[in-house]
Amino acid sequence: MRQKTFLNLLLAISFINVASGGPEQSVVQITNYTQQPDWVEPWRFSPVSGGMGSGFVIDGQRIMTNAHVVSWSKQLIVFRYQDPKPYQATVEFIGHDCDLAVLRVADPAFFEGVSALEIGDLPIVRSMVTTYGYPAGGRQISYTSGVVSRIEIQRYVQPNNRQLLAVQTDAAINPGNSGGPVIQNGEVAGVSFQGQPGLENAGFFIPPSIINHFLKDIEDGTYDGFPAAGIGIVNLTNPAFREALGLPLDNVGARIDSLFHPFPDTHELIQENDVLLEVSGYEVGSDGTVIYHGNRVHCAVLFSEVQHGESIPLKIWRDGAALEIELPLYVNREDRTTGNQYEPPPYIIVGGLVFTELSSNYLGSLGRNWRDKVSADTLYELIYRNRLSEAEARAKPVVLSKILKHPSNVDFAVGSRSILTELNGQEISTMEDLRAAIKSTGGDFYRFRFLSGDEEALNRADALAAEKQLLQQYNIPSVQRL
Amino acid sequence: MKHFAGLTIFCLALLPLAGGASFNPETSLVEIEVTKKLYDYRTPWIIRNDQVRKNGILIGPHRILTTADGLSGQYLCRIKKGGESRQYTAQLVWVDYYANVAVLDVAEPAFWKGMHPVALAQTIPQSGDLQIYRWRAGRIEERAAEIIRLYSGSSKMSYLRHLVLTVSSTIDSAGWSEVVLDGDQLVGLTASAAKDKLSILPAEFIAKVIELRGREDDAGLGYFDFNYIPAKNPALLASKGLDRRDVGVVVTEIAAKGLTDDGLQISDIILEVDGFPIDSEGKYVDPDYGRLAMSSLATRAHAAGESIPFKIWRDGKAQSVDYTLPRTDFDKDFIPEHRYDQPPQYLIAGGLVFQPLNGPLLEALGKNKPPLIDYYSQQKSFDDRSGLVVLSGVLPDDYNIGYEDLRYVLVDEINGQEINNLNDIAAALKTPEDEFHRIRFMQEEGVRHIVLDAKAMEAVTSRILQNYRIPAESQL
């Protein structure tokens with residue numbers, strides 16, 4: 001037994017020796033075979049396509065990469081540094097909001113001789129960093145290096161409706177680099193993830209604070225995501241507005257202009273026109289920024305350091321006095337339809353009428369001129385209605401995405417891309433409402449009313465017969481998926 | 001048949017205004033040069049100068065007919081006849097922009113010498129060839145036109161519905177009231193052109209506009225203020241208990257133009273209008289012109305204020321209702337689509353530029369207008385308001401620092417008062433709260449609140465106007 005332990009120790013030392021060759025030993029190439037859903041005909045999936053990216057080994061025999069590298073995966077293959085053997089991997093956790101994912105490889109041989117990279121600290125601007133990865137699909141690892149150009153809040157393209165801290169560098173970051181580590185002093189200073197069209201010599205990587213937040217989040221076995229306060233913060237530079245609020249002209253404090261839904265704690269604790277003086281002990285400037293590791297960054301950076309359900313200390317100015325508030329932050333899952341989604345969309349077919357959820361993905365799938373194809377009313381339902389009171393918001397509007405023509409519906413006069421608001425007098429705000437309304441229909445007709453005011457009807461018996469035929473005719477696996 | 005008779009009597013009222021001699025364009029057709037003011041709704045205090053050349057035709061003594069298109073903002077009209085270089089100053093006798101009809105006169109007797117009016121065709125030809133005439137560089141240009149079809153369409157200048165004749169011709173840059181003739185009779189004036197296809201404002205409609213204008217009761221043009229969906233789908237009729245096929249349309253919206261909610265209700269099936277059966281596409285068989293959409297019946301056979309019998313299906317049974325044809329009133333639009341002969345309205349306060357939301361402003365914004373503005377501009381009403389105002393931009397100054405980036409934001413309230421128009425803003429700014437002006441934008445906007453110093457505003461506004469060389473703080 002003692003001998004065995006000794007052998008293990010020897011083995012471990014030898015691993016360290018192998019790994020000491022450099023971080024590239026821990027960098028992996030990822031091939032992902034994907035199939036994406038069709039948002040207009042949601043039972044259909046695209047032909048299989050392949051994509052390549054990078055990743056790196058972290059502690060616990062796991063691989064870290066970008067969420068977008070492993071999204072919509074049907075088959076995931078990873079390759080070790082200079083090893084031709086393909087290993088099959090699975091996604092253990094995926095955080096689309098922060099574009100990070102953790103993979104597992106079933107074969108323990110994959111991790112032999114490979115050591116985990118340590119997550120380091122936020123690099124300082126103008127310091128040098130080196131990227132490791134497999135850009136443009138080559139089989140040889142590629143290195144690029146450059147300086148840290150700036151550190152700011154950026155829109156993350158993967159969710160498209162989230163902004164988190166990101167580091168900009170002039171080290172080349174190209175497609176295929178995604179998910180690879182950015183190294184400084186032998187430690188991970190970030191994960192390469194996106195570029196920006198029109199901005200030359202600029203790539204972006206995900207900083208350690210976001211990586212650590214993600215890793216801490218998944219410790220309990222579920223990924224919650226990055227929470228938000230549900231407040232709209234705007235500058236408070238106008239002297240008259242400062243005076244009206246009883247604040248000195250000292251450039252401290254940004255104004256909370258609006259409160260969003262659904263954040264009940266925020267509505268209870270915060271009021272419109274409260275002024276944010278401090279967040280987590282950091283003084284907030286009149287433009288909403290704080291000094292964060294030497295960088296002037298929007299104070300949103302501090303809200304993303306908190307985990308779902310935890311509170312953040314705020315110092316607020318209200319009615320001429322400062323007060324301390326502990327504001328609980330929660331992940332907003334209600335805005336999923338305004339960002340990129342990574343679950344196949346729900347659908348319900350009624351007599352050949354295909355209904356799905358109105359979403360950014362749905363509109364995006366209508367092509368480049370999508371804004372010409374949908375009414376202003378429809379866009380309003382998706383983008384603006386939820387900014388009204390909760391009572392006025394229509395939760396997740398249902399859109400008629402397609403009519404599968406059949407003799408029983410061929411003269412249905414309402415066209416696709418219309419928003420359904422009523423079925424047989426029952427209000428429809430979600431796909432679930434529609435499912436329930438169909439289930440409770442007892443009469444001879446389905447009577448539809450749309451957002452435009454148009455009404456139409458289908459004979460229920462004809463519709464049910466049509467569904468059967470159409471499912472067969474178009475190889476549709478099921479009449480609904482919710 | 002009663003209605004057929006009605007139409008015939010109406011046609012008889014349009015007896016030829018001139019003799020039956022063959023048409024000589026040299027003595028009937030004139031070229032009109034319109035000099036006018038042109039407004040830029042993106043910088044509403046800027047007035048530009050513009051000139052338009054179009055055609056007119058004599059239809060009687062001291063009556064030169066042309067389309068209204070291009071006349072808005074005019075302050076000088078000059079007319080050339082016979083290809084001569086001499087220009088005669090003309091007066092605008094009357095113009096109906098919404099119907100797209102105008103009549104001019106020339107006071108100088110010399111102008112009328114040797115000129116002959118043409119007759120307006122009593123009916124619209126539906127097949128065959130027509131001739132198009134216009135003046136070009138002192139010579140008559142004649143082109144052949146082939147009739148495409150007649151349909152019930154919208155006026156180029158408003159939501160009015162009337163018959164439109166489309167023809168095909170290889171004439172270039174047309175649509176400026178070129179005259180269209182069938183032999184010696186005026187069939188209509190060109191209203192617009194797209195490639196080789198021209199839309200003609202028919203003489204029959206023009207005659208109706210002229211006739212209504214001359215009537216003592218000042219009846220005006222009517223409009224069916226309801227929208228409908230075709231009832232081609234038999235299940236839609238059956239779901240309302242009507243066991244028939246291919247009849248009627250279902251009312252989906254009433255009073256969208258704010259004119260009337262008389263007679264009809266949402267969900268009614270319209271089966272007959274004015275004695276004509278309505279098919280499931282909303283068409284009737286016109287005794288003169290065959291199958292047409294019912295919308296043009298409002299202007300073709302009736303005047304505003306008249307009662308039109310409708311047969312509808314409501315509550316599971318056929319019923320008769322009388323629909324009093326409302327007179328078009330374009331000022332009742334929640335978001336006015338057009339503004340003619342009026343400069344854009346604006347009000348500048350502390351560098352904030354406010355403008356009412358209307359069609360010309362939206363047109364100036366083009367395709368990239370903010371989606372929220374797009375949404376509100378298509379609403380038929382909102383909170384019982386009479387209109388909406390946008391903060392269209394900010395003229396940067398120390399006074400409004402922090403607000404420079406606000407553009408095309410919808411105003412909700414100022415100092416607690418609801419804002420429907422610029423006068424509301426002027427009034428609200430007279431009652432500041434605690435020496436501040438508090439402006440609230442619509443709830444859906446990215447920024448909802450701003451505050452300005454009330455005491456300094458007046459002086460600041462003068463300073464900003466001077467700095468940006470703007471002649472006046474408002475145009476109401």
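Start with chain B: among its contacts between residues at least 6 apart in sequence, 62% join residues at least 24 apart. A contact here means two C-beta atoms, placed from the backbone, within 7 Å. This is a predicted model, where local features need pLDDT of at least 70 and side-chain atom pairs count only at pLDDT 80 or more, while totals for chains, interfaces and linings use all residues. Residues are numbered from 1 along each chain as its sequence is written, and chains are lettered from A and ligands numbered from 1 in the order in which they are written.

Staying with chain B. Its C-alpha atoms fill a box of roughly 75 × 70 × 40 Å along the principal axes. Chain B has 10 helices and 29 strands. Those are DSSP runs numbered from the N terminus: helices are H or I with at least four residues, strands are E with at least two. Of the 476 residues in chain B, 45% are buried. Buried means 20 or more other C-beta atoms within 10 Å of the residue's own; exposed means 12 or fewer, and partly exposed lies in between, with C-beta atoms placed from the backbone.

Now the domains. Chain B is assigned domain 1 (21-214), domain 2 (226-324) and domain 3 (346-475). The bounds come from an automatic or database domain assignment. Between the C-alpha centres of domain 1 and domain 2 of chain B there are 34 Å. How many residues are in contact there? Domain 1 of chain B gives 14 residues and domain 2 of chain B gives 11. On the domain 1 side, strand E9 (139-154), strand E10 (161-168) and helix H4 (203-214) of chain B each give two or more residues. That side divides into 8 nonpolar, 4 polar and 2 charged residues. Nonpolar covers Ala, Val, Leu, Ile, Met, Phe, Trp, Tyr, Cys and Pro; charged covers Asp, Glu, Lys and Arg; the others, Gly among them, are polar.

Chain A is divided into four: domain 1 (2-111), domain 2 (128-220), domain 3 (231-326) and domain 4 (345-481). The C-alpha centres of domain 2 and domain 4 of chain A are 41 Å apart.

Next, the A–B contact. It takes 31 residues from chain A and 30 residues from chain B. Elements giving two or more residues on the chain A side include helix H4 (239-244), helix H9 (376-383) and strand E26 (445-450) of chain A. The chain A side splits into 15 nonpolar, 7 polar and 9 charged residues. Look at H9(A). Its buried residues are A:Thr378, A:Tyr380, A:Glu381 and A:Leu382. Their cover includes strand E24 (418-423) of chain A and helix H8 (371-377) of chain B.

On to the cores. A nonpolar core is a set of buried Ala, Val, Leu, Ile, Met, Phe, Trp, Tyr and Cys residues joined through C-beta atoms within 7 Å. The largest has 129 residues, and those touching the most other members include A:Phe355, A:Leu420 and B:Leu186. H4(B) gives the most to this core, with 7 residues. B:Leu186 touches, among others, B:Ile57, B:Val118 and B:Ala203, leaving out residues up to four places away in sequence. A second, separate core of 122 residues includes A:Val27 and A:Val275.

Last stop, B:Leu352, in strand E23 (residues 352-356) of chain B. Why is B:Leu352 counted as buried? Because B:Leu352 has 27 C-beta neighbours inside 10 Å. Beyond four places in sequence, B:Leu352 touches B:Leu391, B:Val394 and B:Asn400. B:Ser474 is 122 residues away along the chain, with 11 Å between its C-alpha atom and that of B:Leu352.
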